[in-house]
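Please look over the structure below before reading on. The report after it is meant for someone who has not seen this structure before.

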Amino acid sequence: MTNSQPSTTAVQSLLREDRIFTPSSDHAASLGGAWCATMDEYHARHARSIADPEGFWAEIAQDFEWFTPWSKVLEWNCPDAKWFVGATTNICHNAIDRHVLDGHGHEVAMIWEGEPKCAGESGREPEVRHISYGELLEDVSRFANALKSLGVKRGDVVTLYMGMVPELAVAMLACARIGAPHSVIFGGFPAPAITDRMLDAQSRVIVTCDGAWRRGSVVALKHNVDEALDALAAKGHVVEHCVVLQRTKNECTWNPSRDRCWHELVSAQSTECECEAMDSEDLLFLLYTSGSTGKPKGIRHTIGGYMVYTAYTAQQTFNLRPATGQVFWCTADIGWVTGHSYIVYGILQNRVPTLMYEGAPNWPADDRFWEMVQRHRVTHFHTAPTAIRAFMKWGDEHPAKHDLSSLKLLGSVGEPINPEAWMWYREHIGHDHCPIVDTFWQTETGGHVITPLACVTPTVPGSCTLPFFGVDVAVVDETGCEVAANTGGLLVIRKPWPGMLRGIHGDRARFIETYWSRIPGMYLAGDGARRDERGYFWIMGRIDDVINVSGHRLGTMEVESALVSHASVVEAAVVGMPHDIKGTGIAAFVSLAPHVSASEELKSALREHVAGVLGPIAKPDIIRFTQSLPKTRSGKIMRRLLRDVAAGRDSKQDTTTLEDFAVLAALRGNEE
């Protein structure tokens, strides 16, 4: 066993949570009726989906339109899966065309809201667009034809580096329509991230914007692209076309031999473009996810399984029903897999309007999200724990001054949610009547793998509850054997599911080593977890974040949750640090609630509070107060950087995804 793969067999689980919330019949009625009515029905369907996956998924897949039927539902040769073998289809057809053909072209497919450009404009009406399925079909067809006019062919990877504008979704769907895999790069990434991803994908076409609005300022996207393309040319990789959408009208350079204006290119195109009949296992997209070391991994997702899985998880988890007045808002950026699955593909296929927002949650004021919920009458609100903790820090008064009565369901995604943040979310946003679906999944899984179902699953603050249909998930030891209840172990999936990744682009060895080598025959999620006496799953943190304190292995998530349960704390990150006596000590980085002052007395009080919740073994050795924590641009805390800070060493980690370098610099200057 290597140091990079620490044993989690003996991880202690100290956190206990007795609060439980059972959905009422009113929840189901408010959402148009339940797809799954009782827990007995859930357990029976889940058991069947595991025992007979081919029969189960064949029934689900019949609700989609296939150009050619499959000859076999599943072909499994671990670690390689093929779903709906031999079938042809097109996910763009299932997301748009079939709704138009069925007479729903007039219905709203997408609501988009832009960001006001400066704080002084907070009182003006925001820029809003309502796009019907018929309009979306025309826009997508035009851009698909535009790509064809540039010579883009089936199988060519098209890179998309844009702000959160409707044209980003249009470009994704246009790529899918003509069989050109897309590779979306988050618009907050700098030029080197574009260079690395385009080179790895061998992409020769990029679509971007002149700029993007963020908190009233322009993010110079075209400038970053130009820098990246110059670096690619120096490496001998020439990008042939750069399509530029005018959004912010900032000044940018123009290369006539390479750059194309979106509007000029699209205006000349026909609104007729036939969908390509794609094999179920053809590549739909690449999405790059950063590891703790090494270059980003290009996760491969194919068409048929992903199409079925994202639509079905969205329908069942969120209880989506068309033509019932539902409005779904996932606050993620489309540059992340959450945006792919639960802003675009999964939601559009369910014929429920999807809301897309360009800007920041606190621009021009801290109540921006709640003002939008009220104005658009949002029914489903899906956001990340890091955002929820930010809302807590900004103050209860912001949601309190808006009418949030349209909300019927709340979602959490991106990382485990602390129980007290879960409770704040329920009380201040859901007003104690909205179910919360705390979803666990990854870029690699394509969609939810552990999640409550909105109308039926009793929920417990901090737990992602039970496996989704077709997902055989377990907590095991190093030999692959399931561990006892409330014992920490490795989170694995033991059987294939339709949304699973099909590999790492161009790196077969890394695919096997990362996900399949440690527990042969099982997909390793990379997280430590436990399963309680109810059978509910609790994510205890990444495997690398397990702390060995005097021989006792503790999950960082539980210590963080204990800290956040103190009234003075809104956010905490916990890592291991060298300790002369214990071997490894516990270092806690803590952000305080508004109007709470840092002091030595508070540090002592927090140490005792953690000891009271989890026991003396979990008491932090040091606590550092900080205004902010180092996070990725998707809002995840970069604990690997905090380990270096706690150890007092210079970090040699990849910081490409770090949102604010000033936060890291401030922490390094913050002595105990």
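The model is a predicted one.

## Nonpolar cores

The largest nonpolar core holds 144 residues. Within this core, the residues that touch the most other members are W57, F143, L173, W262 and L491. Helix 6, residues 166-178, gives the core its largest share, 10 residues. Another core lies apart from it and has 29 residues, among them V327, F391, L404 and W422.

L173 can be taken as an example from the largest core. When neighbours within four places in sequence are left aside, L173 is in contact with C92, A95, I96, L136, V140, V344, Y345 and L348.

## Aromatic pairs

The count of aromatic pairs comes to 41. One of them is formed by Y342 and W441, with ring centres 5.1 Å apart and ring planes at 80°, so the pair is edge-to-face. The two residues come from distant parts of the chain, 99 residues apart. Y342 belongs to helix 11 (residues 337-349), while W441 sits in the loop between strand 21 (436-438) and strand 22 (473-476). Y342 is buried, with a relative accessible area of 0%, and W441 is also buried, at 10%.

Ring pairs also link a cluster made up of Y42, F56, W57, W66, W70, W83, F84, Y309, Y312, F468 and F469. W57 is also one of the residues with the most contacts to other members in the largest nonpolar core.

How many of the residues of helix 11 are buried? The count is 13 of the 13, so helix 11 is largely enclosed by the rest of the structure. Just after this helix comes R351, which takes a positive phi of about 60°. R351 is not a glycine, and its place is in the loop between helix 11 and strand 18. With a relative accessibility of 15%, R351 counts as buried, because the cut-off is under 20%.

Helix 12 spans residues 368-376, and its buried residues are R368, F369, W370, M372, V373 and H376. The residue that follows helix 12 is R377, whose phi is positive, near 55°.

S591 lies in strand 29, which covers residues 583-592. Is S591 buried or exposed? S591 is buried, with a relative accessible area of 1%.

Not counting residues up to four places away in sequence, S591 touches K393, S568, V569, V570, E571, T626, Q627, S628 and L629. A572 is 19 residues from S591 along the chain, and the C-alpha atoms of these two are separated by 6.2 Å.

## Pockets and cavities

The second largest pocket contains about 430 Å³ of space. Its lining has 20 residues, and those nearest the centre are D63, R98, Q315, Q349 and N350. By class, the lining of this pocket divides into 7 nonpolar, 6 polar and 7 charged residues. Helix 4 (91-104) and helix 10 (303-318) each supply at least two residues of the lining.

A search of the whole structure finds 6 cavities of 30 Å³ or more. The second largest cavity has about 40 Å³ of space. Which residues line the second largest cavity? They are C175, A176, G179, A180, P181, M278, L283, L284 and I303. This lining has 8 nonpolar residues, 1 polar and no charged. The elements that give two or more residues to it are helix 6 and strand 15 (283-289).

## Backbone details

Two cis peptide bonds can be described here. A cis bond joins C78 and P79, with omega about 10°, and P79 lies in the loop between strand 2 (72-77) and strand 3 (80-85). The bond from W363 to P364 is cis too, with omega near 0°. P364 is found in the loop between strand 18 (354-357) and helix 12.

T465 has a positive phi of about 70° although it is not a glycine. T465 lies in the loop between strand 21 and strand 22. At 0% relative accessibility, T465 counts as buried.

Note on methods. Residues numbered from 1 in each chain as written. Predicted model: local features only at pLDDT ≥ 70, side-chain atom pairs only at ≥ 80, totals over all residues. Heavy atoms only, no water. Core = buried A, V, L, I, M, F, W, Y, C linked by side-chain atoms within 4.5 Å. Buried < 20%, exposed > 50% of the residue type's maximum accessible area, 1.4 Å probe, protein only. Helix = DSSP H or I, 4+ residues; strand = E, 2+ residues; numbered from the N terminus. Contact = heavy atoms within 4.5 Å. 1 Å grid on protein atoms, 1.4 Å probe; cavity = no way out; pocket = protein on both sides within 12 Å on 5 of 7 lines; lining within 4 Å. Points joined across faces, edges and corners; volume = space filled by probe spheres on them. Nonpolar A, V, L, I, M, F, W, Y, C, P; charged D, E, K, R; others polar. Phe/Tyr/Trp six-rings, centres within 6.5 Å; stacked < 30°, edge-to-face > 60°.
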